[in-house]
Amino acid sequence: MTGVHPPQDRQGKFAERVAVIIGSTRPTRICPGIAAWTQQVLDEGSLVHYRLIDLAEIDLPLLDEPLKAAQQDYKHPHTKSWSELISSFAGFVFVLPQYNWGYPAPLKNALDYLYYEWHDKPATSVTSLASKISSRKNVKAFQERRSARAL
Ligand SMILES: Cc1cc2nc3c(=O)[nH]c(=O)nc-3n(C[C@H](O)[C@H](O)[C@H](O)COP(=O)(O)O)c2cc1C
């Protein structure tokens, strides 16, 4: 067989792809380890194909599209690639730390680049708490953002 084919489940049907998105990008971050563990646990024995997406590798600049994402008239190749990648997933698991009571700016930037690519797809989030007094305000802020975008 030639070409790239989507993964198939044991019945030979095309398996759904879900992205596990690493929500922090700083050099000494712990998020990739948590995301890799999450992906491993979810993937084990599942018919769904979970794939890790690292925003540090995607390396999007601060939003630089002239038009709103909902218009889907993208100017930049990095936006077109990001749109294609996100469109290929049926759902998302966001792994996000808390930064100053919110979630990391690179994650918001990556969300803001697109609109319909996220729309009406199931999503959940996994967060690590830095201490027992961590407030989970990042998750609250993220959930509000998700419901605003019907994600
Ligand atoms: C810029 C920044 C802001 C942070 N703000 C909070 C905070 O508001 N509440 C909290 O409990 N932890 C906070 N932390 C601790 C992080 O949640 C913890 O260091 C976590 O490991 C960060 O994820 P990362 O290593 O993937 O970047 C902050 C850390 C950073 C770097």
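Among contacts in this protein between residues at least 6 apart in sequence, 75% join residues at least 24 apart; two residues are in contact if their C-beta atoms, placed from the backbone, lie within 7 Å. This is a predicted model, where local features need pLDDT of at least 70, side-chain atom pairs count only at pLDDT 80 or more, and totals for chains, interfaces and linings use all residues. Residues are numbered from 1 along each chain as its sequence is written.

**The overall layout**
- You'll find five helices and four strands here, in the sequence pattern β-α-β-α-α-β-α-β-α.
- Helices (H or I, at least four residues) and strands (E, at least two) are DSSP runs, numbered from the N terminus.
- Of the 151 residues, 24% count as buried, meaning that 20 or more other C-beta atoms lie within 10 Å of the residue's own, with C-beta atoms placed from the backbone.

**The sheet**
- Four strands make an open sheet in the order β2-β1-β3-β4, with parallel pairing; two strands pair if DSSP finds at least two bridges between them.
- β2 and β4 (123-126) are the edge strands, so each pairs on one side only.
- Strands β1 (residues 17-22) and β2 (residues 49-54) run parallel and are joined by six bridges.
- Over in β2, Y50 is the bridge partner of V18, and R51 is the bridge partner of A19.

- β1, helix α1 (residues 31-43) and β2 build a right-handed β-α-β unit: with the strands pointing away from the viewer, the path from the first strand over the helix to the second runs clockwise.

How values were computed. Buried ≥ 20, exposed ≤ 12 C-beta atoms within 10 Å, placed from the backbone.
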